[in-house]
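Thanks for making time this morning. I would like to walk through one model with you, taking the sheet, then a helix, then the domains.

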Amino acid sequence: MSTDDVLAEVGPRLRRLRKDRDVTLAALSETTGISVSTLSRLESGLRKPSLELLLPIAQAHQVPLDELVGAPPVDDPRVRSKPIEQHGRTFWPLTRQPGGLQAFKILAPPRNEEPEQRTHEGYEWLYVLSGRLRLLLGEHDLVLEPGEAAEFDTRVPHWFGSTGEGPVECLSLFGPQGERMHVRARPRKA
């Protein structure tokens, strides 16, 4: 839809909104400070809508500005991705754009294997949803419980997966260029 088409629909939309609310041009003029003749010309399409005119009208009707200009509907925001099986784990991509910060839901089954730490460029943030996650990070051997998070530079040798007691489900945010995520957590009560 062209800009001219969008602007042509504003006038009838303004008239419909005002009439649905049972407001006269004089009452709207008093509320907005816009003359009755300007309001009438806007509604009939003889005056091109501008931000200076539409903002007070939107405020008077207590509607968002996009309702007056008929902004296109937002696409369905749900991410429907197919799971990826890799290294014995199931990954669900939660972001659509390639590159930059990526989000994944990961399910790691219980496995009793010798973990092999790896390194690569990037920065990772993990949040445990269910199960117990074992994180080997350099010299550290940590176990994270549901609700706990960790963040680390992936150039440090690392491995994560199930503790072997059962499956672990977690969220991962990964920035291949080293983007950092910031986690603020309350200290544990003693």
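Two strands are called paired here if DSSP finds at least two bridges between them, and strands (E, at least two residues) and helices (H or I, at least four) are DSSP runs numbered from the N terminus. This is a predicted model, in which local features need pLDDT of at least 70, side-chain atom pairs count only at pLDDT 80 or more, and totals for chains, interfaces and linings use all residues. Residues are numbered from 1 along each chain as its sequence is written, and side-chain values use heavy atoms, with hydrogens and water left out.

Strand E4, residues 123-130, runs antiparallel to E7 and is joined to it by 5 bridges; Tyr127, for instance, has Ala149 of E7 as its bridge partner. Both belong to an open, antiparallel sheet of 6 strands, ordered E1-E2-E3-E9-E4-E7. E1 (84-86) and E7 (149-153) stand at its edges, each with a single partner strand, so one side of each has no neighbour in the sheet.

Just after H3, Gly45 takes a positive phi of about 85°.

Finally, the domain assignment, automatic or from a database, gives domain 1 (3-67) and domain 2 (84-183), whose C-alpha centres lie 53 Å apart.
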